[in-house]
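Here are my notes on this one, as numbered points. Have the model open while you read.

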Amino acid sequence: LFRSMASGSWVLRCCTARGSIQEHLAPARSFQHRFTIYTQQRHGFRKAPKKIEPRKPEAEKTMEPFKSSPPAQKPVFYTISSTLKHLFKPFVFTVGFTGCAFASASIWQYEALKCMLQSSADERHADWLKKIRPPKELDFRKQVNKWWSDLSEGQRTVTGIIATNIFVFCMWRVPSMQRTMVKYFTSNPASRTLCLPMVLSTFSHFSLFHLAANMYVLWSFSSSIVSILGREQFMAVYLSAGVISSFASYVSKMATGRLGPSLGASGAIMTVLAAVCTKVPEAKLAIILLPMFTFTAGTALKTILALDTAGLILGWRIFDHAAHLGGAIFGIWYVTYGHELIWKNRQPLVKIWHDWRTKSPGKGGSY
């Protein structure tokens, strides 16, 4: 099962990086030497003497800003109190968004089960109508329906995620949308907009190779993760993982003082990969270009964690290693403890929703 789905996932691991955009300004200083020479013509009309400006003291000269180019940006270090104050709002948003994601998934599952029970009688009626009057379908529509029905439940679930990522990627190509994309679709702790980009940056890719690599890995592991968690729980975990990995990136950037925007879905995809590798560590994976070399999912997860930890400690700036580690740790924790603590304790919420649905007027009675 995993060999066919994840054969190409490991080789693209290095490509599923949560991209990091850093701006480097070269240091440049302008030294201004002022020489004032006053002369008069010896013959002809005399020019009016220029007004002599008083010389500024040295203290004022040092206070003048650089006019040619700004100095190079250096890492900004914050105190512990200022860091905690700056991260308080993103932390509250992360907790609130995660709770809303799992609550919405619980209600979504309840509604899906209810619709499934109601549609059983409708399907029998529809089959009887098809025998009497067969529907006319175009060849293209038949092919699309056949392709969709052949997909697994996991692949059908991530199709919407992939389509959203492609749409956001196309928006990056529109010149008039650049400011909006940088403001809302890149997560940066130095930005005035802190919370909403934590979600939107999960669906944002500027590079085509970055987009293709991330979506390939998501597609490869989609059947496995949805079979483990289910469609509704997977969506809650994926969206929560995007916000949690962004918050981990915020914490790392504030701690090191290396502020800058990041974007990409690899934080959430690392959660999916870590969850699958933790749940079935004996599954065999292979490199797509080197299928003769196989390794277990547990070994792959340990290697990924080691590389991202080394990158975070050594300050490698190619990938957002903090976001990778945050997503991977959340995936490991959820399949080990989180499922028991969160998803299996959703019955009180579902009961409240059920009571509200049955008591609301026009809802069709009890279910």
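1. A term to start with: buried means under 20% relative accessible area, exposed over 50%, and partly exposed in between (1.4 Å probe, protein chains only). By that cut-off Ser245 is buried, at a relative accessible area of 1%.

2. Housekeeping: this is a predicted model, so local features need pLDDT of at least 70 and side-chain atom pairs count only at pLDDT 80 or more, while totals for chains, interfaces and linings use all residues. Residues are numbered from 1 along each chain as its sequence is written, and side-chain values use heavy atoms, with hydrogens and water left out.

3. Back to Ser245, which sits in helix H9 (residues 231-256). The side chain of Ser245 comes to 2.9 Å from the backbone oxygen of Gly242. Leu325 is 80 residues away from Ser245 in sequence, yet their C-alpha atoms are 7.7 Å apart.

4. What does Phe234 touch, not counting residues up to four places away in sequence? With contact meaning heavy atoms within 4.5 Å, the list includes Thr157, Ile161, Leu218 and Val272.

5. On confidence (pLDDT, the predictor's per-residue score from 0 to 100), the protein chain averages 79, and 71% of the residues score at least 70. Over residues 1-16 the pLDDT is below 50, although this stretch has 52 contacts in the model beyond near neighbours in sequence. Where pLDDT is low, the predicted coordinates should not be read in detail.

Notes. Helices (H or I, at least four residues) and strands (E, at least two) are DSSP runs, numbered from the N terminus. A polar contact is a pair of N or O atoms within 3.5 Å; within protein, one must be able to donate a hydrogen and the other to accept it, and residues adjacent in sequence count only if both atoms are side-chain atoms.
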